[in-house]
Amino acid sequence: EDMAEIFCHGSIYIQNRIMKLLIDNGVRTANPGEFSLRSFLNGKMDLLQAEGISDLISSNTKTNHRLAMNQMRGGVSSEIKKLRDKLLNFASLIELELDFSEEDLEFVSKEKFKLLLNDIEKFISRLIDSFKYGNSLKEGIPVSIVGAPNVGKSTLLNSILNEDKAITSPIPGTTRDIIEDKFNLNGNLFRFIDTAGIRKTKDYVEKVGISKTLESMKKSEIILYLIDSTETNKKIVTQINEAIKLEKKYDAKQIIIIFTKIDLKKILNKKYLTNSISINGKSRKDVEKVKKIILNSLEKEYSNQLIITNSRHYSALKLAKNEIKEIQKGLNNNVPSDLITVDLKQALYHLGEVTGEVTSDEILSNVFSKFCIGK
């Protein structure tokens, strides 16, 4: 669209005078996200890409910046469009079949249709599964530091953050509530959570703290399970078994076993270190080792994956997946084509909602109201 730019001195007074003159002569200020909205309405970008602009402006880490740039470049939307176009082609052929139903002509290969639906269902499922992680990337990936009382959890938290965030004491049970703080590691935002030590206790306040620890583990992507290396072999084996139970219970989580107070232990049985690391929580070198293993576990699971970070996309994809499953069920049960097309149109609608090929004024208003002025 035709534009004019005004260059002036940086004085706030001059800027305000120019704005007043413009407004007095009928010019209005831009609405939130108006330029991006016009770009979307003029077909220069899809809705998912437009939302990437908003994410880019608000990105506060290297990773969030990379995700926003990928979204702006159409990483996710191009894949959705390809699958949607293929689905639309099958929908057209089914409609054609219905038009020639009296001639008993078949335009659609059911086997090819089933294969396509299977590919779409897998792709959507991967995107849906990525949402929890994508949302964590924006808010900070939760990392719980857990273990028995006085194992060195608060010491490790303070060393990672490089400040005395949590009280440390030789008295077991010092931490009775959740203590957390955000920290940027190599462009990734993490929420490190120091928790109450897990043990049997009659103390009501400590019991509440332990229940919060268990809740924190459920919500975390990564769990640092600390074991005191100065304990007896029997207690160490018990703790390792507890960590193994956690791995089975939370199979989707990264659980890292860390032996602490290694500076106080002359020799630690090598068999304990098969799938774990040993540290001195106050050693800068050892803390860097912990940070490195956290980053490695993160990259191992989510490198080179398409990721969604927006709840609107998540909701639309969930609805699309439900419709795809209904179509698959219908094909397997030989449901008539005219009934299949109902679910097919709904699936196309929900996939179109993600990219903005199908939208409403209400959705647009909601999306662009979150932008800063103008953008």
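Is Lys291 buried or exposed? I looked this up in the predicted model, and Lys291 counts as buried, with 9% relative accessibility.

**Lys291 and its partner.** I found the side chain of Lys291 in a salt bridge with Glu288, at 3.4 Å from N to O. Both residues sit in helix H10 (residues 284-302); they are about one helical turn from each other because they are three residues apart. Glu288 is partly exposed, with a relative accessible area of 39%.

**Whole structure.** I then searched for every salt bridge and got 15.

**Lys81 and Asp46.** I noted a salt bridge between Lys81 and Asp46, with 3.3 Å between the closest N and O atoms. This pair links distant parts of the chain, 35 residues apart: Lys81 is in helix H5 (residues 75-99), and Asp46 is in the loop between helix H2 (34-41) and helix H3 (47-58). Asp46 counts as buried at 5% relative accessibility, while Lys81 counts as partly exposed at 32%.

**Lys261 and Asp228.** Here I read 3.2 Å between the closest N and O atoms of the salt bridge. Lys261 is partly exposed, its relative accessible area being 21%. The cut-off for buried is under 20%. Asp228, at 9% relative accessibility, counts as buried.

**A network.** Last, I looked at Glu34, which is linked with Arg28 and Arg38 in a network of salt bridges.

Terms used:
Residues numbered from 1 in each chain as written. Predicted model: local features only at pLDDT ≥ 70, side-chain atom pairs only at ≥ 80, totals over all residues. Heavy atoms only, no water. Salt bridge = Lys/Arg side-chain N within 4 Å of Asp/Glu carboxyl O. Helix = DSSP H or I, 4+ residues; strand = E, 2+ residues; numbered from the N terminus. Buried < 20%, exposed > 50% of the residue type's maximum accessible area, 1.4 Å probe, protein only.
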